[in-house]
Amino acid sequence: MKKKITQLTQILKSIAQPKNKDQLLLFLKKAYDSNLIDSDSLMMLEGVIGFSEMQARDVMIPRSQVSFININDNIETIVDTIIHTAHSRFPVIDKDNNNVIGILLAKDLVRVSKIKDIDLRDILRPPVYIPESKKLNVLLKEFRSNRNHIAIVVDEYAGIAGILTIEDVLEQIVGDIEDEFDYDENEDNIIQEDATSFRIKATTEIEEFNDFFKTDYRANESQTVGGLVILKLGHLPKKKEPIHFDGFDIEVLRRDSRRLYLLRFSVNLDNINQDILN
């Protein structure tokens with residue numbers, strides 16, 4: 001403990017008192033290099049520092065990827081949507097005008113599912129609208145004070161741009177808080193789940209990926225599978241974002257606001273090589 005305190009003191013003396021965020025980040029990175037904090041702590045602290053500068057548009061789920069429920073659908077169709085998506089909250093729209101008329105909580109529907117002739121409008125929660133420019137730190141305070149967990153993001157023309165949940169906001173600090181897929185550092189980089197699906201660590205080197213799938217990606221363009229996916233898309237993909245290239249259908253299993261951790265590749269083994277070579 002004394003050794004770590006001494007090291008921390010030396011770092012503080014070398015940087016003096018941080019005068020801006022860049023100097024503070026430098027201090028944290030030196031603390032990490034000196035083993036005073038681990039990588040998870042560094043990631044979280046970096047997230048906290050950058051959090052106040054982020055806006056709703058930076059992390060929202062875009063409209064094209066939102067699972068809406070149509071108020072005019074029958075209960076069976078709505079239940080199928082809830083089961084298929086496994087979400088707990090859904091924006092409800094009226095297809096006649098495409099406006100969000102409320103938020104449906106799956107638990108509310110379960111509570112009244114045995115009541116005949118239930119009017120879905122009676123159990124909807126009022127929607128909360130926020131502009132794309134809303135700061136995340138302000139939004140988090142409002143989520144906490146209003147006990148609300150979802151907001152509808154609107155653009156400058158009052159159109160629906162996407163949605164944002166409290167989980168999306170918190171993940172910018174603590175990383176991916178969903179834990180349905182364990183990430184074991186010691187397991188193999190590529191694990192076959194069934195005949196056509198493979199769970200792959202984003203840090204898997206391109207050479208290993210090429211050897212496994214008989215592909216011919218160049219390591220000088222991207223050294224890891226995660227880097228390859230980002231290179232192909234041109235951005236860091238979100239969960240549930242459709243990803244398709246070179247005969248692969250790809251799903252993001254674990255990520256945080258900065259990097260990918262775990263991916264699922266579904267493949268047509270007969271077409272992969274030909275697609276890449278073309």
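**Two groups of strands in a predicted model**

Let me begin with strand 11 (residues 248-255) and strand 12, which run antiparallel and are joined by seven bridges; helices (H or I, at least four residues) and strands (E, at least two) are DSSP runs, numbered from the N terminus. Within this pairing, Val-252 has Leu-263 of strand 12 as its bridge partner.

Residues are numbered from 1 along each chain as its sequence is written, and side-chain values use heavy atoms, with hydrogens and water left out.

Strand 12 also runs antiparallel to strand 9 (residues 197-201), with five bridges between the two, and here Ser-197 stands opposite Ser-266. Why is strand 12 described as largely enclosed by the rest of the structure? Seven of the eight residues of strand 12 (residues 260-267) are buried, so the strand is largely enclosed, where buried means under 20% relative accessible area, exposed over 50% and partly exposed in between, with a 1.4 Å probe and protein chains only.

Turning to the other group, four strands form an open sheet with mixed pairing, in the order 1-7-6-5, and two strands pair if DSSP finds at least two bridges between them. The edge strands, each pairing on one side only, are strand 1 (61-62) and strand 5 (129-131). Strand 1 is joined to strand 7 (residues 160-165) by two bridges, the two strands running antiparallel, and Ile-61 stands opposite Ile-163 in strand 7.

How values were computed:
This is a predicted model: local features need pLDDT of at least 70, side-chain atom pairs count only at pLDDT 80 or more; totals for chains, interfaces and linings use all residues.
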